[in-house]
Amino acid sequence: MSGNKQDEDPRINGIKTKIRVVPDFPKKGIMFQDITTVLLDPKAFKDTIDLFVERYRDKNISVVAGIEARGFIFGPPIALAIGAKFVPLRKPKKLPGETIFEEYELEYGNDRLEMHVGAVEAGDRALVVDDLIATGGTLCAAINLLERVGAEVVECACVIELPELKGRQRLKGKPLCMLVEYR
């Protein structure tokens, strides 16, 4: 697990073997890293959650912010296990009530994340969760959104990192924990 001394944990290889690569999705030239095949294997899915829970259990995280949509899969079980609240960071116009937002660029377009006003408070210690980091635009937007309301972003956690896209360098110095690296 990158960012941890347990780089040789045998569970990581088990998770890696369950990730399916889908060529030319969502557009030609993209090699999409599909985590839905991890979810089909109860052991691989549990191992993924367990590795993150073991890392964050004693870090005094008060909020787990999951990025739509795959951060919604991994974030809630991590939040429950470590005793933190879960806050969804959603695509535009998906949250009822008053929201704040942050715009960002993707490797294949533009988007924005929204969060309910008051969901995260100044002084909250936040973990940002998503399935994958590519260019880092989505994680950067999440960090900016959380920091604007006074939260301390402790770390970002992703199942997969695509290091050739240099997303880690865009994270404003925030640590990144990832399980699987694809080159």
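Predicted model: local features only at pLDDT ≥ 70, side-chain atom pairs only at ≥ 80, totals over all residues.
Asp-47 is part of helix α3, which covers residues 42-56. With a relative accessibility of 9%, Asp-47 is classed as buried, because buried means a value under 20%. Leaving aside residues up to four places away in sequence, the contacts of Asp-47 are with Arg-11 and Ile-15.

Asn-60 sits in the loop that runs between α3 and β3, the latter being residues 63-67. The relative accessible area of Asn-60 is 60%, and this residue is therefore exposed, since exposed means over 50%. Although Asn-60 and Gln-33 are separated by 27 residues in sequence, the distance between their C-alpha atoms in space is 31 Å.

The cysteines raise a further point. A disulfide is a covalent bond that joins the sulfur atoms of two cysteines. How many disulfides does the structure hold? The count is zero, and the table sets out the sulfur distances for Cys-140 and Cys-156 together with their relative accessibility.

| Cysteine | Closest cysteine sulfur | Sulfur distance | Relative accessibility |
|---|---|---|---|
| Cys-140 | Cys-156 | 8.2 Å | 11% |
| Cys-156 | Cys-158 | 6.7 Å | 0% |

A disulfide needs the two sulfur atoms to be within 2.5 Å, so the 8.2 Å between Cys-140 and Cys-156 is too far for a bond. The sulfur of Cys-156 is likewise too far from that of Cys-158, because their distance is 6.7 Å. Cys-140 counts as buried at 11%, and Cys-156 counts as buried at 0%.

Definitions and conventions. Residues numbered from 1 in each chain as written. Heavy atoms only, no water. Helix = DSSP H or I, 4+ residues; strand = E, 2+ residues; numbered from the N terminus. Buried < 20%, exposed > 50% of the residue type's maximum accessible area, 1.4 Å probe, protein only. Contact = heavy atoms within 4.5 Å.
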